[in-house]
Amino acid sequence: MDFDVIVIGGGVGGYSAALRAAELGKKVAIIEKDEIGGECINRACIPSKTLIDAVKILNKIKKASWIKASATLDYEELSKFKDKIIESVKGKMIKNLENRSVTIIKGKGEIKREGEVDVNGKIYTTDKIVIATGSSPISLPAFPLNGKNVLDPWTAMNLPSLPQKIVIVGGGVAGVELATLFKAMGKDVTILELMPQLLPGFDKDIANETKKRLEERGVKIYLQANSKIIESEDKVVFDVTLPSSNEKVSGDLAVITIGRKPNTEGLDLQAVHVNVDKRGYIIVNDRAETSNPKYYAVGDVAGMPLSATKAWKQGIVAGDNIGGISSTMPKYSPISIFADLEIGSVGKTLDDLKKDNVEGKEITVKMEDIPRAWTLNETEGFLKIVVSGNKIVGAHMVGEGATEVINTLSLALEAGLTVDDLYKVLFSHPTVTEIISEVMQRLKYGEVY
């Protein structure tokens, strides 16, 4: 046997699985056909946040009347900085793998029979296999990708330059982040969202606040927009059916943020008795195990949510279990959106509780009630906590620092902390995280003036 474990896919999920299994004494190989780090490090999470953080600096300068300066974005230099960060993060990942004696194999890994992986015609044998091959954008009939002016989000974001008029299909996480980025770069941006609210599935007040902020920045947003591309030779033209009208919307570039499929080409999953769902995603339990006890799956290929947050932890869980340490996935998975106003969300909304016929309530504290928000010159937004009885069951925040604050609340939910438990915690002053203290105070006794 060549290896104890072979991981197919070198994204964040495959990387964490390989590293953890190696840390626990297994002889591990990781197979990657493109670049270690996968889509998150090379094309999506890391580059997008680098660009968004850069344009947020511009916005802060413009908003601060006491800064007497004129600032513009040098996109070419920013792109070089982005590429440097990608290489640095990726280099650190490769070094970590090498330090744990993980063998890195370049090529496409294919499974044709039990315990074997074929890479470019060479067979490697193994006891356990972790499938971490991710997902890819699909070309939908209404929005056919053409590689020219109808693109998936990460291809569009990594273009050397962007045209002036951009239409984004989908107002979910990717759509909101890209709208933030493109608008801050001075582009004319339109979002077409099929559902009645921006950020479908999120707390409605979060969605409304995000929509308001984007519209204040000049982003045009159509909700309940049933759209399709009718022309893409030169301009991209959409036919958009709205509840009370029909419109034509056009742009120089269309970015399609909806529609993905699991990357399972070359993996004969049926031959090795690994079950998939109706969309082709591999079915796993909370230990990242598939229907075949010698096969694990992590990240996008293992189904919803399609996020690097989940992939990283699922890789650790798989590595633990392969290495003999019993491990399961957390109950709660926080979501962070790096829009102009950051968004963080974890757990249930009040509407979720109502659908489940569970008694609950929510309490909201505005950012303007927190001193640190004023020193940051960013008082828009709020934190909303959802409770059932004395138990915290959800948290939803929009505002400066929301992507960091939500991690503290995710910890609270995972640990099953009550309002009484969090009320006892002291948060340093002045910080954004103090907003948690204020919510707990109001839940217990009312507002402190």
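Which residues of the largest nonpolar core touch the most other members? They are Ile168, Leu181, Phe182, Ile191, Leu199, Leu214 and Val255, out of 40 residues in that core.

## About the model

This is a predicted model, in which local features need pLDDT of at least 70 and side-chain atom pairs count only at pLDDT 80 or more, while totals for chains, interfaces and linings use all residues. Residues are numbered from 1 along each chain as its sequence is written, and side-chain values use heavy atoms, with hydrogens and water left out.

## The nonpolar cores

A nonpolar core is a set of buried Ala, Val, Leu, Ile, Met, Phe, Trp, Tyr and Cys residues joined through side-chain atoms within 4.5 Å. Buried means under 20% relative accessible area, exposed means over 50%, and partly exposed lies in between (1.4 Å probe, protein chains only). In soluble globular proteins, nonpolar side chains tend to be buried together.

Helices (H or I, at least four residues) and strands (E, at least two) are DSSP runs, numbered from the N terminus. H6 gives the largest share, 7 residues. Phe182 touches Leu162, Ile166, Ile168, Lys187, Val189 and Val255 (contact: heavy atoms within 4.5 Å), leaving aside residues up to four places away in sequence. Another core, of 28 residues, lies apart; Ala402, Phe427, Val432 and Met440 are among its members.

## Salt bridges across the sequence

A salt bridge puts a side-chain nitrogen of Lys or Arg within 4 Å of a carboxyl oxygen of Asp or Glu. By this rule there are 37 salt bridges.

Lys204 pairs with Asp351, with the closest N and O atoms 3.8 Å apart. Lys204 lies in helix H7 and Asp351 in helix H9 (residues 350-355), so the pair ties together parts 147 residues apart in sequence. Lys204 is partly exposed at 40%. Asp351 is partly exposed too, at 34%.

Asp239 and Lys248 meet at 3.1 Å, N to O. Asp239 is buried, at 14%, whereas Lys248 is exposed, at 52%.
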